[in-house]
Amino acid sequence: MLLTATGGGQRTSPRVSKRMDIRYGQLGELRAILEDISRGGLAMTVAEPLALYEDLAVTVPDPGGDQLRILRATVVHQ
């Protein structure tokens, strides 16, 4: 579902809201749930809190099947 709201003027890119399993961590060993994603970032639910400004590699599966996307991310909110 594509959301067109700007989030009170802060969001510059539309976001895609889709819950799916993803992995993160140096080797993709930690599990999370993707809540939404946009050009500006993503929201995910994790079991343990992360450190603010921690750099992460987030692995997102392609919904079509085989190819994975590995995204570089920095924790800016929790």
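Reader: Asp21 first. Is Asp21 buried, exposed or partly exposed?
Author: Asp21 is partly exposed in this predicted model. Its relative accessible area is 45%.

Reader: Which residue does Asp21 form a salt bridge with?
Author: Arg31. The closest N and O atoms of the pair are 3.8 Å apart.

Reader: Where do the two partners lie?
Author: Asp21 lies in strand β2 and Arg31 in strand β3, so the bridge ties together parts that are 10 residues apart in sequence. Arg31 is exposed, with a relative accessible area of 53%.

Reader: How many salt bridges are there?
Author: Three. Another one joins Arg19 and Glu35, with the closest N and O atoms 2.9 Å apart. Arg19 sits in β2 and Glu35 in β3, so this pair ties together parts 16 residues apart in sequence.

Reader: And how open are Arg19 and Glu35, buried or exposed or in between?
Author: Arg19 counts as exposed, at 59% relative accessibility. Glu35 is partly exposed, at 22%.

Reader: What about Asp36, which residue does it form a salt bridge with?
Author: Arg15. The closest N and O atoms are 3.8 Å apart. Asp36 lies in strand β3 (residues 30-38) and Arg15 in strand β2 (residues 15-24), so the pair ties together parts 21 residues apart in sequence.

Reader: Is Asp36 buried or exposed?
Author: Asp36 is buried, because its relative accessible area is 14% and buried means under 20%.

Reader: Step back. How many helices and strands are in the chain?
Author: Zero helices and six strands. Along the sequence the pattern reads β-β-β-β-β-β.

Reader: What share of the residues counts as buried?
Author: Of the 78 residues, 21% count as buried. The accessible surface comes to about 6,000 Å², and 53% of that belongs to carbon and sulfur atoms.

Reader: What is phi of Tyr53 near?
Author: Near 70°. That is a positive value in a residue other than glycine.

Reader: And Val76, how many Å separate its C-alpha from that of Leu50?
Author: 9.8 Å. The two residues are 26 apart along the chain.

Reader: Switch to β5. Is Thr59 buried or exposed?
Author: Thr59 is in strand β5. Thr59 counts as buried, at 16% relative accessibility.

Reader: What is Thr59 in contact with?
Author: Beyond its neighbours within four places in sequence, Thr59 is in contact with Ile22, Arg23, Leu68, Arg69 and Ile70.

Reader: Pro61 next. Which residues is Pro61 in contact with?
Author: Pro61 also lies in strand β5. Setting aside neighbours within four places in sequence, Pro61 is in contact with Met20, Asp21, Ile22, Gln67 and Leu68.

Reader: Back to Asp21, then. How many Å apart are Pro61 and Asp21 in space?
Author: 8.2 Å, C-alpha to C-alpha. In sequence they are 40 residues apart. Pro61 itself counts as partly exposed, at 26% relative accessibility.

How values were computed
Residues are numbered from 1 along each chain as its sequence is written. This is a predicted model: local features need pLDDT of at least 70, side-chain atom pairs count only at pLDDT 80 or more; totals for chains, interfaces and linings use all residues. Side-chain values use heavy atoms; hydrogens and water are left out. Helices (H or I, at least four residues) and strands (E, at least two) are DSSP runs, numbered from the N terminus. Buried means under 20% relative accessible area, exposed over 50%, partly exposed in between (1.4 Å probe, protein chains only). Contact means heavy atoms within 4.5 Å. Accessible areas come from the Shrake-Rupley method with a 1.4 Å probe; for residues, only the protein chains shown count as cover. A salt bridge is a side-chain nitrogen of Lys or Arg within 4 Å of a carboxyl oxygen of Asp or Glu.
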